[in-house]
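Visitor: I would like a close look at a single part of this model, with the rest of the chain as background. Could you walk me through it?

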Amino acid sequence: MTTFYFVRHGKTELNLSLRFQGGEIDSPLLPIGIEQAIQAGRYLCDISFDMAAISTQKRAMDTANYILKENKFLDGVTVQYQDSLRELKFGKREGAEIDHTDQQTDYLRNRPDLYDPTTFDGETIDSLVQRSTDTIEKIGEKYPDGNVLIVAHGVLLITLINSLIGKEKAHWRQGGPLANTSISILEKDQLTNVYTVKSFNDISYQTQNEEA
């Protein structure tokens, strides 16, 4: 049984300003985002991770660093940075203010099976899920009885999780959005190749949820 701990990065400046923050842009963690990551690390400090797979975007790498610094078994963790765990690319919309009346934005959030980013040179949902799933499957094969920390992004994680547990593409955003530094735990039975949700979008450990 492989146990995956999926964690979204801490809150950033672009999260606060409600702008598209995809796979080709970054913004710093806010002070509350740093505190969220530290709290997540303390919550997970007793988990002996075999591996941490982290998106190569700074907001995810910084979040992971704060989490891992709190871990009691840090010396035993293999850390890898993965381009395949970068956020969905929004093309020409990167950094733009989110228009909640836009049809493709609505599809992205509610009907990912209808999402078509062609007009703004964005990445497709199928591409996002394929690259992230390939990474998770390879990790599971390498650590069939391990604990694995995954630190990545909101759209990637919600679509990946829903895909892994067998939901139809139309429902890949179901249960989202994931909160910043939320923890979702999935177990994979390597014999049956079945993923089971043990915890989803958990922020119960957080003692502060608003920007100061």
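Visitor: What is the accessible surface of the chain, and what percentage belongs to carbon and sulfur atoms? Then please turn to helix H6: which of its residues are buried, and which elements do they pack against?

Guide: Happy to. This is a predicted model, in which local features need pLDDT of at least 70 and side-chain atom pairs count only at pLDDT 80 or more, whereas totals for chains, interfaces and linings use all residues. Residues are numbered from 1 along each chain as its sequence is written, and side-chain values use heavy atoms, with hydrogens and water left out.

Your surface question comes first. The chain has an accessible surface of about 9,700 Å², and carbon and sulfur atoms account for 48% of that. These areas come from the Shrake-Rupley method with a 1.4 Å probe, and for residues only the protein chains shown count as cover. Buried residues (under 20% relative accessible area, against over 50% for exposed and in between for partly exposed, with a 1.4 Å probe and protein chains only) make up 51% of the 212 residues.

Now some background for the helix. The chain has six helices and six strands, in the order β-α-α-β-α-β-α-α-β-α-β-β from the N terminus on. Helices (H or I, at least four residues) and strands (E, at least two) are DSSP runs, numbered from the N terminus. The C-alpha trace spans about 45 × 45 × 25 Å along its principal axes. A compact globule of 212 residues would have a radius of gyration near 17 Å, and the 16 Å of the chain agrees with that; the radius is taken over C-alpha atoms, and the globule rule is 2.2 Å times the number of residues to the power 0.38. If we take contact to mean heavy atoms within 4.5 Å, residues 24 or more positions apart make 74% of the chain's contacts with a separation of 6 or more.

On to H6 itself, residues 154–164. This helix is mostly covered, with ten of its eleven residues buried. The buried ones are Gly154, Val155, Leu156, Leu157, Ile158, Thr159, Leu160, Ile161, Asn162 and Leu164. They pack against strand S1, helices H4 and H5, and strands S4, S5 and S6.

That packing leads us to the nonpolar core, meaning a set of buried Ala, Val, Leu, Ile, Met, Phe, Trp, Tyr and Cys residues joined through side-chain atoms within 4.5 Å. In the largest one, with 33 residues, those touching the most other members are Phe4, Phe6, Leu88, Tyr115, Ile136, Ile139 and Ile150. At least two residues of this core come from each of S1 (2–8), S2 (51–55), H4 (103–110), H5 (125–142), S4 (147–152) and H6. H6 gives the largest share, seven residues. There is also a second, separate core of 17 residues, with Ala52, Ala60, Leu68 and Val151 among them.

In H5 sits Thr135, which counts as buried because its relative accessibility is 8%. Beyond its neighbours within four places in sequence, Thr135 is in contact with Gln82, Ser84 and Leu85. In H4 we find Arg109, which is partly exposed at 38% relative accessible area. The C-alpha atoms of Arg109 and Gly176 are 8.1 Å apart, although 67 residues separate them along the chain.

Just after H6, Gly166 takes a positive phi of about 95°. Further on, the peptide bond from Gly176 to Pro177 is cis, with omega near 0°, and Pro177 lies in the loop between H6 and S5. Thr181 belongs to that loop too; its phi is positive, near 55°, and Thr181 is buried, with a relative accessible area of 0%. For context, most residues other than glycine have a negative phi, and most peptide bonds are trans.

One last stop is strand S6, where Asn201 is found. Asn201 has a positive phi near 55°, and at 22% relative accessibility it counts as partly exposed.
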